[in-house]
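Please prepare a briefing on selected local features of the structure shown below.

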Amino acid sequence: MKRGVIWLPLAGFALLFAVVASGLIRPADRTVRSALIGKQLPTFSLAAMVPDKPGLGSAVFNQGQPRLLNVFASWCVPCIAEAPQLMKLRQMGVPIDAIAIRDSTPAIQAFLKRNGDPYQRIGNDAESSVQLALGSSGVPETFVIDGHGRVVKQHVGDIRADDIPEILAALQAAR
């Protein structure tokens with residue numbers, strides 16, 4: 001009996017080590033998904049972020065054509081990385097609107113000048129209220145919205161070249 005008690009701390013340590021190791025090998029998916037997938041966009045109206053583009057409101061997404069809604073910021077490094085892919089989507093004829101999060105007009109203008117401007121409209125979400133209403137947890141995030149204002153797909157993180165076929169398929173399915 002006493003011999004078994006001696007090995008108990010070692011067995012406890014081995015069990016603790018196995019639990020920690022399994023968490024390191026297969027970490028949990030911590031991606032926050034929007035609860036609006038399959039549901040209508042919340043009603044919103046955002047002022048224009050830059051002088052040469054209109055602001056953005058939820059009514060734009062009820063005009064019968066699927067669109068992308070990109071949540072971005074000038075201070076976001078992954079947003080810079082996805083800019084070429086958004087430009088490519090725009091060249092393919094995909095309508096893209098944007099919500100700028102906690103940003104300033106000069107910073108957004110510099111961002112667009114430096115990285116390209118794929119957006120038809122840019123709304124100013126200074127307090128992130130629309131971002132939170134969408135269920136977006138960060139930047140960049142892109143939503144595929146069907147022509148009736150319903151959220152069809154959420155892409156968390158920057159769009160990469162290998163994501164484009166999936167996004168185009170979602171837009172096609174949303175028609």
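Alanine 161 is partly exposed because its relative accessible area is 47%, where buried means under 20%, exposed over 50% and partly exposed in between (1.4 Å probe, protein chains only). Alanine 161 sits in the loop that connects E7 and H5; helices (H or I, at least four residues) and strands (E, at least two) are DSSP runs, numbered from the N terminus. The model is a predicted one, in which local features need pLDDT of at least 70 and side-chain atom pairs count only at pLDDT 80 or more, while totals for chains, interfaces and linings use all residues. Residues are numbered from 1 along each chain as its sequence is written, and side-chain values use heavy atoms, with hydrogens and water left out.

**Loop between E7 and H5**

- Aspartate 163 also belongs to the loop between strand E7 (151-156) and helix H5 (164-173).
- Aspartate 163 is buried without a salt bridge, and the nearest side chain of opposite charge, that of arginine 160, is 5.3 Å away.
- A salt bridge requires a side-chain nitrogen of Lys or Arg within 4 Å of a carboxyl oxygen of Asp or Glu; for charge, Lys and Arg count as positive and Asp and Glu as negative, whereas His and the chain ends are not counted.
- The side chains of aspartate 163 and histidine 155 form a polar contact of 3.4 Å, that is, a pair of N or O atoms within 3.5 Å; within protein, one must be able to donate a hydrogen and the other to accept it, and residues adjacent in sequence count only if both atoms are side-chain atoms.
- Apart from neighbours within four places in sequence, aspartate 163 is in contact (heavy atoms within 4.5 Å) with His155 and Asp158.

**Sheet and hairpin**

- An open sheet of five strands runs in the order E5-E4-E3-E6-E7, with mixed pairing; two strands pair if DSSP finds at least two bridges between them.
- Strand E5 (121-125) and E7 are the edge strands, each pairing on one side only.
- Strand E6 (residues 141-145) pairs with E7 in the antiparallel sense over five bridges.
- Phenylalanine 143 has glutamine 154 of E7 as its bridge partner, and isoleucine 145 is bridged to valine 151 of E7.
- Five residues lie between the strands of the E6 and E7 hairpin, where glycine 149 adopts a positive phi near 80 degrees.

**Helix H2**

- Valine 77 is located in helix H2 (residues 77-91).
- Valine 77 counts as exposed because its relative accessibility is 62%.
- Between valine 77 and leucine 24 there are 26 Å in space, C-alpha to C-alpha, and they are 53 residues apart in sequence.
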